[in-house]
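Open the model in a viewer and keep the selection panel at hand. The stops below go from one selection to the next.

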Amino acid sequence: MDAAAPLLVIVDAANVVGSVPDGWWRDRRGAAERLRDRLAADGVPGHEGPVELVLVVEGAARGVESVPGVRVDAAPGSGDDRMVELVAEAEGRRVLVVTADRELRRRVTELGAEVAGPRTVRP
């Protein structure tokens, strides 16, 4: 485990945005941008110290841009597959994946990632 590397937090934008029925489906891109901005402002509550935040978007949210503190990764296909790839690429680093998707949780924990639910980053 690379103790010098910051915690890598990979956020499943579609799953986190979809966890609250606030009309997100009318503007998926706008909802992803609001989540990105909240992450940039608040970070990951309960995780002090350096954190690298990656917000994985797909579908209608693909045009969301990165901002200081949050790198947006537009999945070329399945967001779940992209998150699994990111976890695999981070071999040796501590990784936290934020999602409620059971199958995704299974896939990333098999690769050594920790998982947390949407409430970790969304009030």
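Start with helix H2, residues 28-42: H2 lies across E1, strand E2 (51-57) and E3, and runs at about 175° to E2. Helices (H or I, at least four residues) and strands (E, at least two) are DSSP runs numbered from the N terminus. Contact means heavy atoms within 4.5 Å. Axes are lines fitted to C-alpha atoms, for helices over the stretch in contact, with angles from 0 to 180 degrees between N-to-C directions.

This is a predicted model, in which local features need pLDDT of at least 70 and side-chain atom pairs count only at pLDDT 80 or more, while totals for chains, interfaces and linings use all residues. Residues are numbered from 1 along each chain as its sequence is written, and side-chain values use heavy atoms, leaving out hydrogens and water.

Next, select helix H4, residues 102-110, which lies across E1, E4 and E5 at about 155° to E5.

Now show the strands. Five of them form an open, parallel sheet in the order E3-E2-E1-E4-E5; two strands pair if DSSP finds at least two bridges between them. Strands E3 (70-74) and E5 (114-116) are at the edges with a single partner strand each, so one side of each has no neighbour in the sheet. Neighbouring strands are turned by 25° against each other on average, direction ignored.

Select E1 (residues 7-12) with E4 (residues 95-98): they pair in the parallel sense over four bridges. Val-9 stands opposite Leu-96 in E4.

Finish at Gly-59, in the loop between E2 and E3. Gly-59 counts as partly exposed because its relative accessibility is 38% (buried is under 20% relative accessible area, exposed over 50%, partly exposed in between; 1.4 Å probe, protein chains only).
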